[in-house]
Amino acid sequence: MIDVERLPARHDGNGPARPLWLLAELTYACPLQCPYCSNPTEMANIGREIDTDAWIRVLREARQMGATQLGLSGGEPLVRRDLEAIVAEGHRLGYYTNLITSGVGMDDERVGRLHEAGLDHIQISFQASNEQLNDFLGGTSSFEQKKEMARRIKAHGYPMVLNIVLHRKNIDDIAEILDMAETLEADYVELANTQYYGWALENKDALLPTREQLAHAERVTNEYRERLGNRMKLYYVVPDYYEDRPKACMSGWGDIFLTITPDGMALPCHAARQLPNIDFPNVKDHSIDEIWCESDAFNMFRGLDWMKEPCRSCDERFKDYGGCRCQAYILTGDMYAADPVCSKSPDHHVVTDAVAKANERDPGEAAAQPLIFRNPKNSKRLQGLVDGEPISKSANF
């Protein structure tokens with residue numbers, strides 16, 4: 001008899017649910033250096049990227065398992081010269097294909113080639129609503145290129161989908177951000193407040209906004225929603241630190257989402273490789289079926305048996321599954337602990353202390369806080385591999 005408390009939320013009674021969403025992180029290479037990037041800070045030590053044949057095998061095996069959504073991300077996926085071939089195979093297999101890009105490295109010809117390959121959807125990111133701040137945060141001159149690529153994407157018949165990561169440095173410009181989106185005739189805009197993993201965690205003190213900033217941003221977003229109606233759909237994502245209940249980790253560990261990293265490591269979520277003492281399998285050594293169904297890593301937090309109190313007896317455990325395992329580890333050092341975002345967690349004070357610190361900081365002090373930018377040199381510095389070089393820069397934004 002199957003113990004349903006050991007299974008993820010979706011199952012057929014004969015084992016774990018099938019994956020629905022495949023995130024293919026094709027590369028960690030990127031022309032931008034965003035200080036809130038969710039890529040691992042140890043990326044400089046991550047091995048060689050898997051080749052085209054390996055990616056095509058991953059797509060085929062995941063599709064056989066039932067995956068229908070294919071996200072192509074990085075780093076910057078446009079860096080991969082085989083991107084069109086990967087898109088074409090995804091299209092042939094019947095995936096809905098979504099390119100998640102900065103737009104840097106794209107031109108009208110490449111948009112056309114991706115369209116011919118069968119790409120269904122393109123999401124383009126901006127760092128800010130003005131050139132100075134956008135280019136500072138991205139670490140390169142990209143603002144005008146992004147605007148032009150947004151126009152070219154729409155000219156090729158795609159809906160224009162913009163993503164802007166919000167944080168202390170840009171959230172006060174929310175009206176200008178939405179004005180820019182309206183001028184570009186965006187169809188969908190994701191206003192995603194920073195979540196604190198990877199490089200964003202290193203920069204938390206500089207990026208975490210105040211309650212007043214969040215309230216203002218949400219109020220302005222709602223005003224634009226009311227005025228624009230269905231002309232432009234707005235999605236506003238609150239940062240975890242300002243919630244009192246955690247989100248379900250990837251809708252349940254090993255339940256819906258499968259991430260494959262540039263070196264072929266398979267993860268239940270994009271941040272999971274930071275968790276200690278877990279032997280995450282690699283597609284170079286195992287099939288997707290073996291990884292998903294049989295690996296210790298993917299079964300580790302399925303179901304509820306692994307939970308400690310207060311999660312184990314909480315009546316919300318079937319809703320949030322104890323929250324994010326990575327966030328629990330980052331904030332408590334224990335990946336089995338309740339996510340401290342939850343007000344029921346004995347470690348909730350870690351989150352409330354961070355929020356209090358963000359709200360008490362003098363605006364001038366916060367503006368002067370240096371940022372650690374995402375690049376291989378800084379990756380090595382954070383691991384203590386090289387010495388004597390500055391790893392941060394600041395500006396009064």
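Leaving aside residues up to four places away in sequence, Cys269 touches Met250, Thr259 and Cys326, where contact means heavy atoms within 4.5 Å. This is a predicted model, in which local features need pLDDT of at least 70, side-chain atom pairs count only at pLDDT 80 or more, and totals for chains, interfaces and linings use all residues. Residues are numbered from 1 along each chain as its sequence is written, and side-chain values use heavy atoms, with hydrogens and water left out.

Let us stay with Cys269 for a moment. Cys269 sits in the loop between strand 9 (266–267) and helix 10 (288–294); helices (H or I, at least four residues) and strands (E, at least two) are DSSP runs, numbered from the N terminus. With a relative accessible area of 4%, Cys269 is buried. Here buried means under 20% relative accessible area, exposed over 50%, and partly exposed in between, with a 1.4 Å probe and protein chains only. Met250 is 19 residues from Cys269 in sequence, and their C-alpha atoms are 6.7 Å apart in space.

Met250 itself deserves a look. Met250 belongs to the loop between strand 7 and strand 8 and has a positive phi of about 50° although it is not a glycine. Its relative accessibility of 23% makes Met250 partly exposed. Asn277, in the loop between strand 9 and helix 10, also has a positive phi, near 60°. Asn277 is exposed, at a relative accessible area of 81%.

Now for the charged side chains. Side chains of opposite charge can pair when their charged atoms come close. The structure holds 23 salt bridges, each being a side-chain nitrogen of Lys or Arg within 4 Å of a carboxyl oxygen of Asp or Glu. One of them joins Glu316 to Arg245, with the closest N and O atoms 3.0 Å apart. This pair links distant parts of the chain, 71 residues apart: Glu316 is in the loop between helix 11 (296–299) and helix 12 (317–320), and Arg245 in the loop between strand 7 (233–237) and strand 8 (257–260). Glu316 is buried at 17%, whereas Arg245 is partly exposed at 27%. Both belong to a network of salt bridges that links Arg245, Asp315, Glu316, Lys319 and Lys344.

Another salt bridge pairs Asp108 with Arg152, the closest N and O atoms being 2.7 Å apart. Asp108 is in helix 3 (residues 108–117) and Arg152 in helix 5 (residues 143–155), 44 residues apart.

Helix 5 also meets helix 4 (residues 131–138): their axes come within 9 Å and cross at roughly 100°. Axes are lines fitted to C-alpha atoms, for helices over the stretch in contact, and angles run from 0 to 180 degrees between N-to-C directions. Helix 4 and helix 5 are therefore roughly perpendicular to each other, the term for angles of 65 to 115 degrees. Glu131, Asn134 and Asp135 of helix 4 make the contact with Phe143, Glu144 and Lys146 of helix 5.

The bond from Gly74 to Gly75 is cis, with omega near 25°, and Gly75 lies in the loop between strand 2 (69–73) and helix 2 (83–93). A cis peptide bond also joins Glu309 and Pro310, with omega about 10°; Pro310 is in the loop between helix 11 and helix 12.

Notes:
Parallel < 35°, antiparallel > 145°, perpendicular 65-115°, else oblique.
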